[in-house]
There are 2 protein chains.
Amino acid sequence: MKKISDSTISRLSTYYRTLNRLIDQGVKTVSSDTIAEINDITSAQVRKDLSFFGAFGKRGLGYNTEALKEEISRILGLKKTWNVALAGVGNIGKALIDYEEFRKQGFIITALFDRDEKKVGKEIKGLKIHHIENVCQITREKNIEIAIIAVPAKNAQDVVDQFITCGVRAFLNFAPITIKVPPNVQVKNENMSIELEALSYYLTQNK
Amino acid sequence: MKKISDSTISRLSTYYRTLNRLIDQGVKTVSSDTIAEINDITSAQVRKDLSFFGAFGKRGLGYNTEALKEEISRILGLKKTWNVALAGVGNIGKALIDYEEFRKQGFIITALFDRDEKKVGKEIKGLKIHHIENVCQITREKNIEIAIIAVPAKNAQDVVDQFITCGVRAFLNFAPITIKVPPNVQVKNENMSIELEALSYYLTQNK
């Protein structure tokens, strides 16, 4: 399979959501035009993205919604659930524990970590907060494959390094800092003010 | 000025952060190679992005960090502060009120809205929670230009429509739904599980 770009992967996630909604509405087939219109992109882009992994709609009929959803789900690795650790149980961490979209897509937060002695040992939604010192033991016990980093910027690199020593290779980072990792480890950054800056750009250029 | 792509804008935000950190460390000039290395992209990409708006480093000297930061700040509209409304004071909303990165980049949450009568009238961090019915009055009083949507998916389109009738043209949407808006309005979606799906893809393809 060809190397697929990050932006294609992110659009596949979007198509996956579109297909879920169409299936809920009882729609059996869908054209690239319709997928494109719902998501405000060109239908050529949709066809190109889907052709990467050999999904081709039938001329005049479009794509079978169930089959395409299954295919995207397989590509994205959503056929299984993932055990996810959350490091940092502050405001953002607490919001993420309640974020239903994670669970709906198969990302289950099964371990909580913090370094604040006042929080360690307490429970949130039935999950015990562990000290970050015990990260390897808990990561092994809970079979953690992905860690969400919601700790202060100054601790983020340390915490990621600790998870890496325990074999975790995938991170979603909320700390406003660039995390350095070896080539076999993947970090995705969730910096919420970057999207606001794109809006600020838009408003500035379109006064 | 040429039309600049969303991904270039998002990289400008990243360079802006890099420059801030370098300036804090006392660095006066920086090469495209260094900016590239810090952010794990190619230096050709950095040069291309910066050339869009006429910023050129001096051969062998690189970019003046202060001047480049000022230039990016101007392009992104970060020379002023923006008054931001937050609709939906649930867990995500509360986390966003405390999210320091927004304030640091000049996005100041100055109005809170909810439709839950138990929340309306209460205060969080000195900000009163208003009923969404009063959106136009408050938006005018507080000179709101950007709204963050952190309400449940089923209410998100309604709430955005209400803000649009009051003249708000820029939205950061946390609800897991595609919002329809007229062409002169911009919506950026913050769907946090899309980044997790990219990680799931990575782990699936690199077992």
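Guide: This is a predicted model. Start with Gly90(A), which counts as partly exposed because 16 C-beta neighbours lie inside 10 Å. Gly90(A) sits in the loop between β3 (82-87) and α5 of chain A.

Visitor: Is Ile92(A) buried or exposed?

Guide: The cut-off for buried is 20 or more other C-beta atoms within 10 Å. Ile92(A) has 23 of them within 10 Å and is therefore buried. Ile92(A) belongs to helix α5 of chain A.

Visitor: Which residues is Ile92(A) in contact with, leaving aside its neighbours within four places in sequence?

Guide: Ile92(A) is in contact with Ala150(A) and Phe174(A), and also with Ala95(B) in the other chain.

Visitor: What does UniProt list for this stretch?

Guide: An unreviewed UniProt entry lists a "binding site" made up of Gly88(A), Val89(A), Gly90(A), Asn91(A), Ile92(A) and Gly93(A). Such annotations may be inferred rather than shown by experiment. The unreviewed entry also places "domain: CoA-binding" at residues 77-178 of chain A. Over residues 77-178, chain A is 32% helix and 28% strand, with 26 Å between the end C-alpha atoms.

Visitor: How many helices and strands are there in chain A?

Guide: Chain A has nine helices and nine strands. Its C-alpha atoms fill a box of roughly 60 × 45 × 35 Å along the principal axes. Of the 207 residues in chain A, 40% are buried.

Visitor: Which domains does the assignment give for chain A?

Guide: The assignment gives domain 1 (6-75) and domain 2 (82-194). The C-alpha centres of these two domains of chain A lie 31 Å apart.

Visitor: Now the strands. Do β4 and β6 of chain A run parallel or antiparallel?

Guide: Strand β4 (residues 107-114) and strand β6 (residues 127-131) of chain A run parallel and are joined by three bridges. Asp114(A) stands opposite His131(A) in β6(A). On the other hand, strand β5 (residues 123-124) of chain A pairs with β6(A) in the antiparallel sense, over two bridges. Here the bridge partner of Ile124(A) is Leu127(A) in β6(A).

Visitor: How many residues lie between β5(A) and β6(A)?

Guide: Two residues lie between these strands, which form a hairpin. In the turn, Lys125(A) has a positive phi of about 50°.

Visitor: How should I read the relation between the two chains?

Guide: Two copies of a chain are related by a rotation about an axis and a shift along it. In this model, a rotation of 180° with 0.0 Å of shift along its axis superposes chain A on chain B, with an RMSD of 0.0 Å. The two copies are thus related as by a two-fold rotation axis.

Visitor: Which residue of chain A comes closest to the rotation axis?

Guide: Ala95(A) comes closest, with its C-alpha at 3.2 Å from the axis.

Visitor: Why do the copies meet through the same surface?

Guide: Because 100% of the interface residues of chain A are also interface residues in chain B, the copies meet through the same surface.

Key: Residues are numbered from 1 along each chain as its sequence is written. Chains are lettered from A and ligands numbered from 1 in the order in which they are written. This is a predicted model: local features need pLDDT of at least 70, side-chain atom pairs count only at pLDDT 80 or more; totals for chains, interfaces and linings use all residues. Helices (H or I, at least four residues) and strands (E, at least two) are DSSP runs, numbered from the N terminus. A residue is buried if 20 or more other C-beta atoms lie within 10 Å of its own, exposed if 12 or fewer, and partly exposed in between; C-beta atoms are placed from the backbone. Two residues are in contact if their C-beta atoms, placed from the backbone, lie within 7 Å. Copies are superposed by least squares on the C-alpha atoms of residues with pLDDT of at least 70 in both. Domain bounds come from an automatic or database domain assignment. Two strands pair if DSSP finds at least two bridges between them.
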